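Hi,

Here is the model I promised to pass on. Have a look, and my notes follow below.

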Amino acid sequence: MLIEFIPVLVLFALATAIAVIALVLPAFLGPRRPSRAKIETYESGKLPYGDARYKVPIGYYKIALLFVIFDLEVIFFYPWAVVLRQLHVFGLIEMGIFTALLVVGYVYEWKKGGFEME
Amino acid sequence: MAIPLSWWLTVAAALFAIGLYGVLSRRNAIGVLLGIELMLNAANINLVAFWRFITPQALTGQVFAIFVIGIAAAEAAAGLAIIISAYRRRRTVVVDELDTMRW
Amino acid sequence: MAIEQALQIFVFVILTLMTLGGGLAVVTSRNLFHAALSLILSLAGVVGYYVLLDAGFLAIVQLLIYIGAISILILFSIMLTRGLMTPRQVQRNEQWWIAALVVFLTFVVLIVALWQMVWPIADDEALRTPNVAISQLGEALVGPYAIPFEIISVLLLVALVGAIVLARETENNQGSHAEAGSSE
């Protein structure tokens with residue numbers, strides 16, 4: 001059982017090691033000659049502007065909210081889907097009710113303009 | 001099982017205590033919510049540990065842990081919406097200053 | 001077998017450092033954003049706990065729901081309410097030492113209670129073969145636990161609608177409070 005997770009452990013150790021090496025080694029080995037252009041915030045080549053601490057619009061929150069709800073739905077779908085064939089119509093109806101209730105919320109947000117980012 | 005049940009429960013109790021401290025001592029409402037998340041996780045560790053050590057054949061512990069996670073998601077969604085709403089109205093998320101209901 | 005046991009204890013110690021260290025950072029960090037990031041570390045430790053406890057599905061659930069969704073929601077709401085909460089602001093209230101005292105006493109009581117208790121541990125045969133089949137979990141969800149399962153969806157619906165109403169209300173909060181309250 002736990003043996004199956006050994007690769008995950010190895011991956012975890014490797015990721016940690018690479019991150020630590022990438023951060024620590026340059027501090028000792030690399031030359032440090034900072035200039036204005038070098039210490040500037042890296043914005044994928046664009047010149048940075050404004051303050052990073054601006055208040056994000058509430059639209060982001062609403063999208064994240066929907067994501068939480070549907071993420072949960074997926075979690076409840078998964079064990080159900082594994083035994084779908086054995087459950088026959090009864091299981092299908094139950095999951096139908098479950099989904100229908102969440103679709104009500106989805107339609108509500110849609111109708112209220114929750115997807116418009118203004 | 002290399003780690004006995006008491007260790008798991010000790011870790012869960014420690015996490016619960018840390019979360020409780022966060023809930024009681026934070027001034028920021030979102031900080032309070034972070035503490036609640038820690039406490040819910042401590043309860044979940046307990047549920048799963050009891051499932052593993054006391055009733056490993058039944059599924060009750062796991063199913064309840066999934067339900068607890070679902071309720072935590074609903075609680076976070078609604079709780080954070082309330083905090084954002086309070087912030088938009090009163091321009092503060094400090095719980096000591098949100099005292100309109102205290103007359 | 002001894003190697004596996006040692007490895008398990010080693011992983012347990014690492015995970016405990018992650019979980020409790022992250023938790024301590026959550027409640028003591030001055031910068032709320034750092035507190036939320038520490039929460040992610042703490043939750044990742046709990047994922048490892050579930051793996052060690054043979055609850056693989058729960059580990060995935062924890063990863064997807066807590067780290068993937070709830071943390072993101074918390075980070076967004078911190079960014080939404082950041083205007084007044086500068087990192088330098090004092091984050092704990094005046095009663096923090098009373099809180100620390102109460103928490104310490106609670107912790108001591110819990111520890112004493114759980115180390116004195118004799119737990120009805122299952123027999124070795126059962127411990128060696130835990131029931132980890134996802135298919136049985138699915139059958140349980142729509143079988144014995146059908147009612148809680150459906151109620152969860154009602155709860156999610158209520159939370160979704162409530163959160164949307166609250167978020168909408170804040171969009172047109174210039175004066176018309178009555179409209180926002182009564183329109184639903």
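How many residues does the contact take from chain C and from chain B? It takes 78 from chain C and 66 from chain B, with contact meaning C-beta atoms, placed from the backbone, within 7 Å. On the chain C side, 58 of those residues are nonpolar, 17 polar and three charged (Ala, Val, Leu, Ile, Met, Phe, Trp, Tyr, Cys and Pro count as nonpolar, Asp, Glu, Lys and Arg as charged, the others, Gly among them, as polar).

Before you go further: this is a predicted model, where local features need pLDDT of at least 70 and side-chain atom pairs 80 or more, while totals for chains, interfaces and linings use all residues. Residues are numbered from 1 along each chain as its sequence is written, and chains are lettered from A and ligands numbered from 1 in the order written.

Helix α1 of chain B (5–25) packs on helix α1 of chain C (2–28) at about 10 degrees, axes 9 Å apart (helices are DSSP H or I runs of at least four residues, numbered from the N terminus; axes are fitted to C-alpha atoms over the stretch in contact, and angles run from 0 to 180 degrees between N-to-C directions). That makes the pair roughly parallel, a label for angles under 35 degrees.

As for confidence, chain C averages a pLDDT (the predictor's per-residue confidence, 0 to 100) of 82. Residues 174–184 of chain C stay under 50. The complex gets an ipTM of 0.90 and a pTM of 0.86 from the predictor.

Cheers

Definitions and conventions. Helices (H or I, at least four residues) and strands (E, at least two) are DSSP runs, numbered from the N terminus. Angles under 35 degrees count as roughly parallel, over 145 as roughly antiparallel, 65 to 115 as roughly perpendicular and the rest as oblique. Two residues are in contact if their C-beta atoms, placed from the backbone, lie within 7 Å.
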